[in-house]
Structure formats: C-alpha cells, structure tokens
Amino acid sequence: MKKVLVCIKRVVDFNVRIRVKPDGSGVVTDGVKMSINPFDEIALEEALRIRERGGATEVVVATIGPADCQQQLRTALAMGADRALHVPADGQVEPLAAARLILGLIKRESPELVILGKQAIDDDNNQTGQMLAALWQRPQATFASKVELTGDKAKVTREVDAGLETLEVDLPAVITTDLRLNEPRYVKLPDIMKAKKKPLDTVQTTDLGGVGAPQVKVLKYESPPQRKKGVMVKDAAELVNALRRKGLVS
Amino acid sequence: MSQVLIVAEHDGRKLNPSTARCVTCASGIEGAQIAVAVFASQGAEVAAQAAQLKGVTRVLQIDNPANEHALAATLAPQVVALAQGFTHVLGPSTTFGKDLMPRIAALLGTTQVSDIMAVDGERRFRRPIYAGNAIITVEVAQGAPVVATVRTASFEAAPAGAGAPVEQQQLSVDLPAHTRFVSVSAAKTDRPDLQTAARVISGGRALGSAEKFEMLYRLADRIGAAVGASRAAVDAGYAPNDLQVGQTGKIIAPELYVAIGISGAIQHLTGIKDARTIVAINKDGEAPIFEIADYGLVGDLFTIVPELEQLLSAN
C-alpha cells in the first residue's frame with residue numbers, strides 16, 4: 001500500500017470545562033486550549049504504525065477549518081506524518097460538507113486507506129467517516145479497536161454494544177477509530193523542529209466542490225439541567241436503609 | 001403529515017429495546033405515521049414483535065440472505081430505496097444506528113441529526129454536544145428527509161399490546177460485496193442488559209484488577225443489577241469494552257446507578273445523567289462524582305462492598 005490519508009479536527013481540549021455563553025449563541029472558546037481531536041490522534045498513530053511496519057509508504061494528514069488549524073497540522077507532522085493539507089474554511093462545516101471535501105481530497109491523492117476518529121468531541125456527531133464511505137462507495141469499518149492489513153484487504157475488529165465484531169473489507173476503505181486502538185506517541189522537541197520543514201499545502205474548498213449551505217441550523221445553546229445536590233451517608237447500613245425507603249432495593 | 005421510517009435493531013430473533021424507544025421519539029412528531037423496517041435473513045419473528053409496539057402504523061419486513069448480519073454498507077442502499085415518500089428516517093443511537101444512519105443520510109444528501117434527546121417540532125430537535133455539557137436546539141432545512149439517531153436514554157420504550165400489519169417487501173437494489181462479516185464475540189451472561197437494566201452497579205479504576213472487579217458481579221447479582229464500568233477500568237483490562245458507560249460508551253438511564261471507585265470524569269457523567277438515583281462510593285471525598293450523586297459514601301470500597309453484599313442478602 002502506498003498512501004494513508006488521516007483526517008483530523010481542531011477541537012476544544014478534552015480537559016477544558018465547557019461553558020455556554022450567557023446569550024445562548026455558542027460555547028466559550030476564547031482563550032481556551034485547542035487540540036487535535038483525541039480520536040483523530042489515535043487515527044494518526046495507527047497510520048504511522050502501519051507505515052512503520054512497512055504497510056504504507058506515505059501518511060498524509062488533512063484538516064478543514066480556519067487558519068489556526070495549521071497548529072494542529074504541525075503537531076501531526078511532528079508526530080510523524082509526511083505532509084499536510086489544509087482546507088481553509090471559516091464557520092461551521094457540517095459532517096456531510098466535510099465528507100464531500102474529503103472525497104475531493106481523495107480524488108487528488110488516491111489513498112488506499114482513510115482513517116478518521118469515530119467522532120469529534122465538540123459536536124459529538126459521529127458521522128463524517130460513514131458519510132465519506134457512502135459517497136466514495138467504499139467499505140466502512142467504524143469504531144475500530146484492531147486493524148490488520150493483508151494485501152488489498154483489512155481485517156478490522158470493532159467495538160460494538162454486544163462486544164467485539166470483526167469485519168473484512170476490501171481496500172480502499174474508510175476506518176474510524178475507537179479509544180482502545182492504540183496509545184498515541186508523545187511529540188519530542190527535535191520532531192517539532194523537523195516538522196517545520198515538512199510540506200504543508202493549502203487546498204481551497206472551491207477546488208474540492210465547495211461547501212454547500214448548512215442543512216442543520218443551530219437555533220440555541222443551553223446549559224444542561226443540573227442535578228440537585230444529594231446527601232452524604234455515614235456507612236453501608238445507612239445507604240441500604242435509604243435505598244430501601246425509596247424502594248430501589250428490597 | 002409526517003411519515004416516519006424507523007430502522008429496527010435486532011439480533012435476528014429479538015427486537016432490541018432501542019427500537020421501542022425510537023417509536024416513542026417518533027410519536028413526539030405531530031401526526032406521525034410510523035413504519036418500522038425489519039431487515040433480516042428471515043425477519044418474521046422480529047417483525048411480529050415490532051408490530052406489537054403501540055404507535056406503530058405498519059411494519060415492513062425485508063428478507064434477504066445478505067441481511068443476516070447488520071452491515072451498514074449492505075443496509076444503507078436498501079433503506080434509501082425504502083425511504084421514498086418518508087419525511088423522517090430514524091435509528092437508535094447505539095453502535096448499530098451510529099454506524100448505519102450517517103451512511104443513509106449521505107446517500108440521501110443530508111446531514112444527520114445525532115442523538116435526539118427531545119422533539120420540539122417536525123424538523124426541530126434538541127441534542128447534546130460536548131459530552132452533554134451543552135444542549136443545542138437545531139432545525140433541519142426543508143428538502144431532504146430528516147435523518148436522525150435517537151438518544152435512547154431520553155425516551156421510554158413504547159409499550160407492546162398493539163397489532164400493526166406486517167408487509168413483506170422486495171427491494172431490487174445492487175448490494176456491495178466489499179464488506180464481509182467475520183465474527184462477533186459477545187459475552188454470554190444471564191445478567192440484565194446494561195442498556196435497559198433498572199439497576200446498574202459500575203466500577204472504576206480503584207477496583208485495581210480484573211479479579212477484584214469480580215466482587216461487583218456478586219453485588220449486582222444480589223439486587224438483579226447489570227454491571228458497568230468506567231473507561232479507566234476498561235482501558236486497564238478489568239472489564240470488557242461492552243460494559244463501558246460514558247460519552248463514547250453506553251448512555252444509560254437506570255432507576256438506580258451505583259458508581260464504585262469511579263471519580264466521575266465529565267465523559268463518564270454524561271453517560272449516567274439520566275439515572276433516576278445515583279449512588280457514589282469513593283475514598284476521595286472531593287471526587288467530582290459526589291457533585292451529581294443523590295447519595296454519597298466516602299470510604300474504602302473493599303470494606304463497603306462486602307458490607308453491602310451482606311446487608312442486601314440479609315433481607
């Protein structure tokens with residue numbers, strides 16, 4: 001296999017406590033730490049391991065979003081991606097629009113494998129990989145916890161509600177990653193220096209078919225209802241008595 | 001008038017309870033006519049169960065050997081062929097629906113609404129983002145049908161007791177051969193299913209090992225509970241992945257949730273916020289889990305769990 005394409009998204013870091021703006025127009029993102037979506041970091045790590053095992057010769061990382069996203073692309077290059085593609089886009093890019101743009105990149109790059117995170121931890125949509133596979137008319141193996149490549153096939157173990165499911169798909173294919181697929185490497189300082197010299201190209205949305213009008217309009221943001229503060233009990237007996245009084249245990 | 005198509009989740013014999021919850025969600029769309037589609041190799045048994053759900057207008061049974069296993073690449077073009085004339089296509093926000101529904105949405109040329117938690121109008125819904133730390137109200141543009149997944153913990157299951165007609169359907173759709181089912185390894189258990197259990201006992205990293213995690217199964221059996229786990233416990237190998245509760249695991253809404261040795265990361269809390277009563281047992285009194293617990297007990301779980309087991313068996 002020659003090429004793996006990895007798609008990443010810049011999101012609010014998973015450690016940040018999210019607050020909704022008082023006027024309900026969005027969540028507070030000013031001055032907030034931004035990172036590569038953790039699932040996408042796992043996607044990149046998997047691609048790098050495939051290349052390091054000799055399963056691929058090139059790992060290309062791509063993102064769609066404002067100019068600031070180039071920071072995350074540089075991080076991805078420092079992790080070990082060979083080159084990066086930035087598709088500049090301001091404002092909301094819906095999953096279907098993202099899938100269409102990535103399909104445009106696929107037509108230019110012809111990768112044998114595309115790996116994405118199963119969901120971004122900001123919108124929690126869990127759609128883009130599946131949509132890309134549909135538009136590309138290729139297989140999808142979502143929520144992967146293990147990927148084995150042999151020739152022009154991939155055997156993928158998926159985390160499903162019932163347990164673990166294994167699929168075999170023909171390449172090219174789309175894989176989306178779950179948490180336990182791997183543990184992404186840490187970036188070392190010399191790699192950050194090296195990453196500055198790696199190619200980072202810009203591809204305009206207009207060259208990829210454009211971003212259509214949004215189909216799902218956000219009308220309002222709200223904070224979730226808070227649970228009432230409970231009571232502390234002193235020991236197991238008091239707890240069991242409380243639960244019995246409420247009829248929760250017999 | 002809204003015509004809603006629900007894609008049934010099942011294992012070939014039994015309808016998954018997530019489907020009945022989708023029916024309740026669909027019933028919230030004013031004037032909805034609700035059809036449930038059962039894709040299977042032989043779907044009569046499942047179709048009969050779907051036909052009993054209150055609120056269902058009709059059941060469409062699509063038998064095809066290719067539908068033996070629920071592969072998104074195989075099912076999506078069939079659902080699209082069936083979706084003609086429907087205004088909404090819904091599936092559960094389980095791994096089945098999360099895998100399948102976006103593929104359908106893309107083929108229908110629309111973005112999906114993920115994890116509907118409330119219906120505010122024919123094309124207006126509420127859904128959680130940022131692991132449930134914000135709720136957005138969204139409106140889907142006119143044109144393509146609404147394709148959505150339903151956050152099952154937000155809706156009660158529609159009761160059985162009705163009798164909708166079952167229609168056999170033949171679809172002439174070219175199905176891809178590029179995706180093949182190999183195997184599934186599911187833990188066989190007599191315990192209640194985590195996603196639908198009334199009571200759940202859940203353990204975290206503090207359990208320390210898979211052997212020690214076993215004590216939670218004994219406690220769960222005392223009160224007929226399902227067993228769950230935090231991501232940390234699953235990552236550490238104390239419990240299998242299908243027990244994970246949280247943003248990227250299962251979202252559950254039991255009557256009673258007992259979190260044992262779970263500190264309560266926001267990613268975990270989003271999976272249990274709809275539980276009626278939350279109990280937290282943790283040795284760290286500052287753990288965030290206590291902020292949302294109805295009953296908190298600070299102490300050593302290795303002392304408390306055996307005590308609970310004894311107290312609950314004394315009755």
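# Notebook: helices and sheets in chains A and B

I started at the end of a helix: B:G109 comes after α4(B) and has a positive phi, near 75 degrees. I am working with a predicted model, where local features need pLDDT of at least 70, side-chain atom pairs count only at pLDDT 80 or more, and totals for chains, interfaces and linings use all residues. Residues are numbered from 1 along each chain as its sequence is written, while chains are lettered from A and ligands numbered from 1 in the order in which they are written.

**Entry 1, helix α4(B).** I noted the terms before going on: helices (H or I, at least four residues) and strands (E, at least two) are DSSP runs, numbered from the N terminus. Helix α4 of chain B covers residues 95–107, which is 13 residues. I checked its length from first C-alpha to last and got 19 Å, close to the 18 Å expected at 1.5 Å a residue; the expected span is 1.5 Å times one less than the number of residues. Next I asked myself how many residues of α4(B) are buried. A residue is buried if 20 or more other C-beta atoms lie within 10 Å of its own, exposed if 12 or fewer, and partly exposed in between, with C-beta atoms placed from the backbone. The count is 12 of the 13, so α4(B) is largely enclosed by the rest of the structure. Among the buried ones I listed B:K98, B:D99 and B:R103, along with B:F96, B:L100 and B:I104.

I then looked at residues 301–313 of chain B, helix α9: its 13 residues should span 18 Å at 1.5 Å a residue, and the end C-alpha atoms are 18 Å apart, which agrees. Its buried residues are B:L301, B:I304, B:V305 and B:L308. Seen down the axis of α9(B), they fall within an arc of 100 degrees, so they line one face of the helix; the arc is that of the directions from the helix axis to the C-beta atoms. B:T303 and B:S313 are exposed on the other side of α9(B). What covers the buried face? I found that the cover includes α6 (236–245) of chain A, and from chain B α5 (210–222), β14 (256–260), β15 (277–282) and β16 (295–298).

I traced an open sheet of mixed pairing in the order β11(A)-β5(A)-β4(A)-β1(A)-β6(A)-β10(A)-β7(A)-β8(A)-β9(A)-β11(B). Two strands pair if DSSP finds at least two bridges between them. At the edges stand β11 (200–202) of chain A and β11 (179–186) of chain B, each with a single partner strand, so one side of each is left without a neighbour in the sheet. Neighbouring strands are turned by 30 degrees against each other on average, direction ignored; the axes are lines fitted to C-alpha atoms, for helices over the stretch in contact, and angles run from 0 to 180 degrees between N-to-C directions.

I zoomed in on β6(A), residues 113–117. Five of the five residues are buried, so this strand is largely enclosed by the rest of the structure. A:L113, A:I115 and A:G117 point one way from β6(A), and A:V114 and A:L116 the other way. In a regular strand the side chains alternate between the two faces of the sheet. β6(A) runs parallel to β1(A) (residues 3–8), joined by four bridges, and also pairs in the parallel sense with β10(A) (residues 173–177) over five bridges. A:C7 stands opposite A:L116, and A:L116 stands opposite A:T176 in β10(A).

Further along, β8(A) (residues 153–160) and β9(A) (residues 163–170) pair in the antiparallel sense over eight bridges. I noted A:G163 as the bridge partner of A:V160.

**Entry 4, the sheet of four strands.** I also found an open antiparallel sheet in the order β12(A)-β8(B)-β7(B)-β6(B). Its edges are β12 (216–222) of chain A and β6 (118–121) of chain B, each with a single partner strand, so one side of each is left without a neighbour in the sheet. The twist averages 30 degrees from one strand to the next. Three bridges join β6(B) to β7(B), residues 124–129, and there B:R124 is the bridge partner of B:G121.

Chain A comes to six helices and 13 strands, and 47% of its 250 residues count as buried. Chain B comes to nine helices and 16 strands. Of the 315 residues of chain B, 57% count as buried.

Methods:
Contact = placed C-beta atoms within 7 Å.
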